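Q: Could you take a close look at the aromatic rings here, and at what sits around them?

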Amino acid sequence: MTNHHGKEFLGFLGTGPAIGIPESVWKWLACPKMKTDELGRPHQAPYGMRKIEAALIDAGFKAAIIDPDHLNKHLPYAKALMFSHHDYFAFGPPSSTWWGITRREPVNYKSFMQLVNRPEIKKEKERGMKIIAGGPSVWQWLWREDMIEKVGVDALIDGEGEKAVVKLAQMIIDNDPLPKYVYIGADEAPSVDEIPEIKGASVNGLIEVMRGCARSCRFCSVTLRPTRYYPLEKIEKELMVNVKNGVRHGVIHSDDVLFYGAVGIYPRPEPLIKLHKLVKKYYKTIAWSHASLAAIRYSEEKYGLISKLMEIVYEDENQRYLGVEVGIETGSVRLAKEIMPAKSAPYKVDEYPETVEQAFKIMHENRIIPAGTMIVGLPEETEDDVYKTIELVDNLRPYRSILVPMFFVPMGYFKNKDWFTRIKLTEAHIELYRKVFWHDVYWAEDIINNFYMKGPLYYPVRMTLKIFLRVAKRMMKKVEANLESYLKK
């Protein structure tokens with residue numbers, strides 16, 4: 001339970017092991033403790049958990065999100081303990097990348113294992129308390145069937161769980177046997193009207209504006225969900241919940257924010273302008289959770305829309321930049337055609353590297369700072385594909401950004417593919433990571449000095465980040481020297 005000092009991107013550090021500094025400092029930097037009330041209810045909680053909490057409360061159940069440090073107050077009386085996690089066993093792309101490179105257990109994995117191994121959970125499980133696991137990484141339990149048995153998980157909920165969790169809760173009350181695995185497909189996903197509004201503040205004021213994505217990239221699980229747009233009235237209710245609880249900075253969440261109110265893959269100015277005016281009415285600063293590079297390029301070239309939206313975002317002196325995660329995935333046209341032919345639409349997939357560069361240029365000019373993720377080790381990847389991505393990284397150097405290459409994890413249509421859990425980095429992969437490292441260090445220093453965590457409140461965090469960057473640069477220079485010696489042999 002953390003809000004990463006109010007800076008969502010710092011959460012990436014929580015998916016790795018402590019590097020160059022003590023683990024206690026790393027945890028404080030990445031995932032400081034969230035304040036709670038006397039019952040252990042956190043001031044802010046993950047948005048997905050807030051949705052499940054709301055669904056259960058609306059159905060008449062006594063349910064609450066509790067900080068793990070306060071579980072002992074409630075477990076003796078609990079009918080069920082429900083887990084949700086973004087990355088239960090650190091199989092997700094950021095965590096598996098950290099783990100694969102450093103060969104050390106990430107902080108998020110160690111923390112979860114400490115939680116599920118608590119004796120008080122085992123005691124209440126023996127009493128008869130049910131355990132249910134859900135959330136975006138529930139698929140990871142299927143790779144760790146030993147943990148299902150060890151923890152005593154009674155049911156797994158895979159998918160949008162607002163309706164399914166209510167059914168399971170009633171079955172628990174009625175002492176009915178539970179299904180071991182519940183999968184919610186597109187036909188069973190809740191409609192907009194069946195998705196409840198949150199009851200308490202979400203982490204970093206995150207509010208969802210739509211679900212689903214029309215691009216159908218083969219590696220992505222989001223494409224398996226139907227597209228639904230929240231009406232502005234529904235969005236406003238959740239904004240008001242956050243503001244009422246003192247949260248005045250937030251994240252607009254969608255798997256592509258620029259698809260809100262779109263016609264297929266074509267963004268439309270009117271709904272996006274209305275959305276941003278509404279959000280800025282309540283929040284002092286905002287970020288986007290995700291946006292596609294093709295949508296950024298199209299929106300600006302067709303309508304000048306990115307510039308118009310940023311006029312709304314920067315209309316007062318509270319905000320000077322906007323953060324967003326974007327999926328670059330690859331610099332290889334050949335690979336783009338194989339796994340994500342619609343990623344570049346409405347531009348031709350042959351133009352994909354150009355689309356990436358143009359979108360980064362537009363973001364740079366509009367003070368949008370992207371975290372650009374890339375996928376390393378896709379099943380169809382060749383050495384030449386990696387070198388094409390390296391070429392793209394070189395071309396992105398003029399644009400303010402953080403690049404994040406991550407190991408491929410089998411999701412979406414790749415879900416049943418064999419997964420190379422023993423990562424084998426080639427010489428091309430090593431060169432890619434080296435190029436990305438120096439790109440990131442260069443721009444991270446600029447971002448910290450000119451944009452990120454300004455003001456005396458953030459001084460300790462900002463200085464810790466600067467120390468971390470200095471240590472990282474020294475470590476990388478040693479790695480490069482050793483690598484040169486190795487390659488000469």
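A: There are 18 aromatic pairs in this structure, a pair being two rings of Phe, Tyr or Trp (its six-membered ring) with centres within 6.5 Å. Take Phe 9 and Phe 12: their ring centres are 5.0 Å apart and the planes meet at 55 degrees, so this pair is tilted (planes under 30 degrees apart count as stacked, over 60 as edge-to-face, the rest as tilted). Phe 9 is partly exposed, at 34% relative accessible area (buried is under 20%, exposed over 50%, partly exposed in between, using a 1.4 Å probe and protein chains only).

Keep in mind that this is a predicted model, where local features need pLDDT of at least 70, side-chain atom pairs count only at pLDDT 80 or more, and totals for chains, interfaces and linings use all residues. Residues are numbered from 1 along each chain as its sequence is written, and side-chain values use heavy atoms, with hydrogens and water left out.

Now for Phe 407 and Tyr 433, an edge-to-face pair with 6.3 Å between centres and 75 degrees between planes. This one links distant parts of the chain, 26 residues apart: Phe 407 belongs to strand S12 (residues 402–407) and Tyr 433 to helix H15 (residues 427–450). Helices (H or I, at least four residues) and strands (E, at least two) are DSSP runs, numbered from the N terminus. Phe 407 is buried at 2%, and Tyr 433 is buried at 15%.

Elsewhere, Phe 83, Tyr 88, Phe 89, Phe 91, Phe 112, Trp 141 and Trp 143 make up one aromatic cluster.
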